Amino acid sequence: MISGFLNAFRTPDLRKKMLFTLFILVIFRVGSTIPAPNVNIAAIQKCASDATTGDQAGVYAMINLFSGGALLHLAIFALGIMPYITASIILQLLTVVIPRLEALKKEGATGQETITKYTRWLTIVLGVLQATSFTMMAVSGQLYRTCTESVVYSDGVFPIIVMILTMTAGTSLIMWMGELITDRGVGNGMSILIFTQIAARFPSSMWSIKTAHQGNQGWLLLVLVVAVGLLVMAGVVFVEQAQRRIPVQYAKRMVGNRLMGGSTTYIPMKVNQAGVIPVIFAASMLYLPMLYAMFRPEGAAATWIATNLNGRGDTVWYNVIYVAMIIFFTFFYVSITFDPVEVSDNMRKFGGFIPGIRAGKPTEDYLAYVLSRLTAPGSLYLALISLIPTVAIVLLGADQNFPFGGTSLLIMVGVGLDTVKQIDSQLHQRNYEGFLK
């Protein structure tokens, strides 16, 4: 692996791409620490520290997951990449519902470029809405309900508008930087920015495990958590790489004066076909009732939510609902992203068939059968990984910021594997041995 890393830096083109990516990430992290105008730095640091260690720490941990600490400090990059992710998911879901978007998707590169434009505009709209929401919550004192400090210097109209425009502009800049990494750097830019935001929380999360216990017990738990975390990561890598390869043969056919086809290939169907999207969906859905209970604490519903869906992950109701939603969203998302009918039609158009399976409806049924058999263990795997922080809370007395487990681990491993594969492919083009053996 070290030799592969050195070979990557010996290659001029690849070295420029990697250094350019690191340069963008440095700018991204700097922007995540610079507060927006009108923000009282000392007050918001105190309030953020109290919020992440109090009774509602689970809610704030969810809010802070994808911002690397920038949102609770109202930085210029406070919204992070979440508006773009939300816009992308919305457009992806609408593609199945709206015929116009479905037609654009089938047009290839031209249609995808139009969908990308729609995604950018929707990102700006969501950025304005989210920036307005968090700014008004900060001004009214609802962002930190247990903190009496004033986190803004002025509640005038002009300072508030400047804060909203600054955060929205930060979202636009993040979107642009992510596309720059995709075009001129290494890996998928948006995914790498998410990876950076989550990784930024790792040092403090790891150190909090040590400081939560006295003396040698803290160091012992830290070493134990790191060892178990590495084992879990190895298991996640194994499952993320696992796939069922369905063989496909293409019959020979005459195109003009040339004989085409006759090749054998396969359809790769991953065990975790849905990726991390179901976990994000489930966490987002559970995040809504927690927000309701935080801003409207009166009433029986808010009391039940605060008791059973508190976000700390130590209640039976929270974990049961969380697992059920992950399984549901896994099947839902896979049914949207992989259409056996479309795959079967494409195979038939180009003269392809699965050995032993007739073309048409039998092929559709076979693909749907294999997909359901893979999705079931894949959904259980996602649910199991997502429950790791709960096990850590029960056994180790950890908190919601436990670094190994859930959404953060799945995203980091997935993005890491994708980036390493892209570097590998470029190294193999130059006859270098890659990272992956």
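Reader: What kind of model is it, and how are residues numbered?

Author: This is a predicted model, where local features need pLDDT of at least 70, side-chain atom pairs count only at pLDDT 80 or more, and totals for chains, interfaces and linings use all residues. Numbering starts from 1 along each chain as its sequence is written, and side-chain values use heavy atoms, with hydrogens and water left out.

Reader: How many helices and strands does the protein have?

Author: There are 18 helices and five strands. Both are DSSP runs numbered from the N terminus: helices are H or I with at least four residues, strands are E with at least two.

Reader: What share of the residues is buried?

Author: 45% of the 437 residues. Buried means under 20% relative accessible area, exposed over 50%, partly exposed in between, with a 1.4 Å probe and protein chains only.

Reader: On to packing. How do α2 and α8 cross?

Author: Their axes come within 9 Å and cross at roughly 170°. Axes are lines fitted to C-alpha atoms, for helices over the stretch in contact, and angles run from 0 to 180 degrees between N-to-C directions. α2 and α8 are therefore roughly antiparallel to each other. The cut-offs: under 35 degrees is roughly parallel, over 145 roughly antiparallel, 65 to 115 roughly perpendicular, and the rest oblique.

Reader: Which residues make that contact?

Author: From α2, Lys-17, Phe-20, Thr-21, Ile-24, Leu-25, Ile-27 and Phe-28; from α8, Ile-174, Met-177, Leu-180, Ile-181 and Arg-184. Contact means heavy atoms within 4.5 Å. By class, the α2 contact with α8 has nine nonpolar, one polar and two charged residues. Ala, Val, Leu, Ile, Met, Phe, Trp, Tyr, Cys and Pro count as nonpolar, Asp, Glu, Lys and Arg as charged, and the others, Gly among them, as polar.

Reader: At what angle do α2 and α9 pack?

Author: About 50°, with their axes 11 Å apart. α2 and α9 are therefore oblique to each other. Thr-21, Leu-25, Phe-28 and Arg-29 of α2 meet Ile-192, Leu-193, Thr-196 and Gln-197 of α9.

Reader: Next pair. How do α5 and α7 cross?

Author: The axes of α5 (residues 82-97) and α7 (residues 109-140) come within 8 Å and cross at roughly 130°. That makes α5 oblique to α7. The contact residues include Tyr-84 and Leu-91 of α5, and Ile-115 and Tyr-118 of α7. By class, this contact of α5 with α7 has nine nonpolar, six polar and no charged residues.

Reader: Single residues now. Where is Leu-101?

Author: In helix α6, residues 99-106. Leu-101 counts as buried because its relative accessibility is 7%. Leaving aside neighbours within four places in sequence, Leu-101 is in contact with Leu-91, Leu-94, Thr-95, Ile-115 and Tyr-118.

Reader: What is the phi of Asn-38?

Author: Positive, about 80°, although Asn-38 is not a glycine. Asn-38 is found in the loop between α2 and α3. At 16% relative accessibility, Asn-38 counts as buried.

Reader: Last one. How far apart are Val-323 and Leu-384?

Author: 61 residues in sequence, and 8.2 Å in space, C-alpha to C-alpha. Val-323 is found in helix α14.
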